[in-house]
Amino acid sequence: MSFAALPERLAQVRAEIARQQAAGGWTHSVTIVAVTKGFGPDAVTAAFEAGLADVGENRVQEALDKQNVAAPGIRWHLIGHLQRNKAKLVPGRFALVHSVDSRALAEELNRRASAPLRVLLQVNAAREPQKSGCSLDEAPGLARQIAALGQLQLDGLMTMAPFTDDEDVQRRTFRSLRALRDTIKEEGLWLPTLSMGMSADYATAVAEGATVIRLGTVLFGPRQKETTP
């Protein structure tokens, strides 16, 4: 599969990030995670050659298969739901796990890790019953519990907005995650990373203060079997 359009698409994304940050008054850097789920290893190579060193996968096994053939220097992100029985495969293979959503999973990762493992707490900020993530009410206490684990480094929060074109709905979701981060900060725990925004809504997420965005189809084009990026 050809990814010849990737550099141009990436330039458009970066221009949009700059516009949205200017509108929102933000000056922090925004990390683009290239989501290669559903694409072959050539997508990873294309992303790296275009200047994207952060690559995200939803499934552990798909990530491991690509890691075995990918060039060194890539920072791998696990962005999909992680089952506890797969936790043993994660330490040492991922720079950041975005989808820690329970104390049980955090404790299993902590038990398996032999070196500090960076993680994010996944929050169901949209309150959608079909989505993973802890509730907004549970998040402050769970964040403190995870931060106390010896081998986990809790860097921030992650969420997904509802799959909708309604920008107001998107904005409320992302704003609620940022407000949660600010509340947790007032309680003494600083979580700088806000992983929020995908191909369809990253502009709104950036306007609301995202520090990490997870992009698939907007960079690589449609997947052969299209799924949510």
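The largest nonpolar core has 63 residues, and Leu 121 and Leu 219 touch the most other members. Such a core joins buried Ala, Val, Leu, Ile, Met, Phe, Trp, Tyr and Cys residues through side-chain atoms within 4.5 Å. The model is predicted: local features need pLDDT of at least 70, side-chain atom pairs count only at pLDDT 80 or more, and totals for chains, interfaces and linings use all residues. Residues are numbered from 1 along each chain as its sequence is written, and side-chain values use heavy atoms, with hydrogens and water left out.

Beyond four places in sequence, the contacts of Leu 121 include His 98, Val 100, Cys 134, Leu 142 and Met 158 (heavy atoms within 4.5 Å).

Strand β2 spans residues 54-57 (strands are DSSP E runs of at least two residues, helices H or I runs of at least four, numbered from the N terminus). Asp 54 and Gly 56 are buried on one side, Val 55 and Glu 57 on the other (buried, under 20% relative accessible area; exposed, over 50%; partly exposed, in between; 1.4 Å probe, protein chains only). Strand β1 (residues 31-35) runs parallel to β2, joined by 2 bridges (pairing requires at least two DSSP bridges). Val 35 faces Gly 56. β2 and β3 (residues 75-78) are parallel and share 4 bridges. Asp 54 pairs with Arg 75.

Arg 171 lies in helix α6 (residues 167-186). Its relative accessibility is 21%, so Arg 171 counts as partly exposed. Beyond four places in sequence, Arg 171 contacts Thr 204, Ala 207 and Glu 208.
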